[in-house]
Amino acid sequence: MSSLNIKTGIKIGIAASLAIILFQVSNLLLVYKYFKFDYYITAIAILFLIAGFFISKYNQPQKSVIAINPDPLSDLTNKELAILQLIAEGKSNKEIAAANYVEVSTIKTHINNIYTKLGLRNRREAVEMARERLKLL
């Protein structure tokens, strides 16, 4: 087990212990006569939600300097390059799917991967980049 997992486990254990202690203290103060048990469960769930939020924020890796790749197309797989070329040729998702004998949802997944890897937002930007980088007319 890595030290990060151990630290996270300890933090979750501490949060659970605090929730149990809070529940027991509220029982000692006789607050339970005035509130339903469901409210206690809700309060504990909210406490764990907040604790999880802070733990995840604290455990996020620090942003490092990102190396700029001079040719972002080198990150694409051969299938993604082929799909990018078909997009640049003006093919629809349905036409691309038919040409590759796959479902349209598979093509949409490939297109979303292309957008992510190239830092694009839409099809127009993909067409522009493909025409510029792949020297398509």
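1. Contact here means heavy atoms within 4.5 Å. Helices (H or I, at least four residues) are DSSP runs, numbered from the N terminus. With that in hand: what covers the buried residues of H3? The cover includes H4, H5 and H6.

2. Some ground rules before you read on. This is a predicted model, where local features need pLDDT of at least 70 and side-chain atom pairs count only at pLDDT 80 or more, while totals for chains, interfaces and linings use all residues. Residues are numbered from 1 along each chain as its sequence is written, and side-chain values use heavy atoms, with hydrogens and water left out.

3. Now H3 itself. Glu80, Ile83, Leu84, Leu86, Ile87 and Ala88 are the buried residues in this helix; buried means under 20% relative accessible area, exposed over 50%, and partly exposed in between (1.4 Å probe, protein chains only). Just after H3, Gly90 adopts a positive phi of about 90 degrees.

4. On to the core. A nonpolar core is a set of buried Ala, Val, Leu, Ile, Met, Phe, Trp, Tyr and Cys residues joined through side-chain atoms within 4.5 Å. The largest one has 19 residues, and Ile83, Leu84 and Leu118 touch the most other members. Helices H3 (78-88), H4 (93-100), H5 (104-118) and H6 (123-133) each give two or more residues to this core. Leaving out residues up to four places away in sequence, Ile83 touches Ile96, Asn100, Ile107, His110, Ile111 and Ile114.

5. Val127 is worth a click. This residue sits in H6 and counts as buried because its relative accessible area is 16%. Its contacts, again skipping residues up to four places away in sequence, are Ile87 and Ala88. Val127 and Ile87 are 40 residues apart in sequence, yet their C-alpha atoms are 6.4 Å apart in space.

6. Ile6, Ile10, Ile14, Leu18, Ile21 and Val25 make a nonpolar patch of about 540 Å². Patch members have over 30% relative accessible area and no salt bridge, with nonpolar side chains (Val, Leu, Ile, Met, Phe, Trp, Tyr) joined within 5 Å. A salt bridge is a side-chain nitrogen of Lys or Arg within 4 Å of a carboxyl oxygen of Asp or Glu. Val25 belongs to helix H1 (residues 3-28) and is partly exposed because its relative accessibility is 39%.

7. Last, Ile50 in helix H2 (residues 37-59). Is Ile50 buried or partly exposed? Partly exposed, because its relative accessible area is 43%. Ile50 and Ala15 lie 35 residues apart in sequence and 10.0 Å apart in space, C-alpha to C-alpha.

Technical notes. Patch = residues over 30% accessible without salt bridge, like charges linked within 9 Å, V, L, I, M, F, W, Y side chains within 5 Å. Areas by Shrake-Rupley, 256 points an atom, 1.4 Å probe, with all protein chains shown as cover.
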